[in-house]
Amino acid sequence: LKGVGARSLKPSAIEVVPGSGNLLLLSPTPPALLELYAAGTPRGYARLTARHAQPEGLAIAPNGDLYISDEGANGPGLLSVYRCRP
């Protein structure tokens, strides 16, 4: 939590990472993506940029691509795709 500059998170989505069993946790407050080992201990994190005004949804495609959906707060919603690099 210190890494993303927060005392607490308000998770909105969680996904299992194919192949590793790790978990990805999406938080809109603060906007962040955390990876946890299957046992629940932290592996890493990424603060999300201002592009993600209100991230709420998360999915991982079979090929590893990551999808994040934003409600958009007061603007239009957004679906972002982050391509997996082999």
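A few ground rules come first. In this predicted model, local features need pLDDT of at least 70 and side-chain atom pairs count only at pLDDT 80 or more, while totals for chains, interfaces and linings use all residues. Residues are numbered from 1 along each chain as its sequence is written, and side-chain values use heavy atoms, with hydrogens and water left out.

(Strands are DSSP runs of E, at least two residues, and helices are runs of H or I, at least four residues, numbered from the N terminus; two strands pair if DSSP finds at least two bridges between them; axes for the angles are lines fitted to C-alpha atoms, for helices over the stretch in contact, and angles run from 0 to 180 degrees between N-to-C directions.)

Going through this sheet pair by pair, β1 and β2 run antiparallel and are joined by 4 bridges, with Glu15 having Leu24 in β2 as its bridge partner. The two strands β1 and β2 form a hairpin with 6 residues between them, and Gly19 in the turn has a positive phi of about 90 degrees. Next along, strand β2 (residues 23–28) is held to β3 by 6 bridges, again antiparallel, and Ser27 sits opposite Ala32 in β3.

Glu35 counts as buried because its relative accessibility is 17% (buried means under 20% relative accessible area, exposed over 50%, partly exposed in between, with a 1.4 Å probe and protein chains only). Leaving aside neighbours within four places in sequence, Glu35 is in contact (heavy atoms within 4.5 Å) with Val17, Asn22, Leu23, Leu24, Pro42, Arg43 and Gly44. With Asn22 there is a side chain to side chain polar contact at 2.9 Å; such a contact is a pair of N or O atoms within 3.5 Å, where within protein one must be able to donate a hydrogen and the other to accept it, and residues adjacent in sequence count only if both atoms are side-chain atoms.

Side chains of opposite charge can pair when their charged atoms come close. The structure holds 2 salt bridges, each a side-chain nitrogen of Lys or Arg within 4 Å of a carboxyl oxygen of Asp or Glu. One of them brings Glu35 together with Arg43 (3.1 Å, N to O). Arg43 counts as partly exposed because its relative accessibility is 49%.

The salt bridge between Arg83 and Asp65 spans 2.8 Å, N to O. This pair links distant parts of the chain, with Arg83 in the segment after β7 and Asp65 in the loop between β5 and β6, 18 residues apart. Arg83 counts as exposed because its relative accessibility is 59%, whereas Asp65, at 5%, counts as buried.

Those strands make up another open sheet, with 3 strands in the order β5-β6-β7 and antiparallel pairing. The edge strands are β5 (55–60) and β7 (78–82), each pairing on one side only. Here neighbouring strands are turned by 20 degrees against each other on average, direction ignored. Between β5 and strand β6 (residues 66–70) there are 5 bridges, running antiparallel, and Ala59 has Tyr67 in β6 as its bridge partner.
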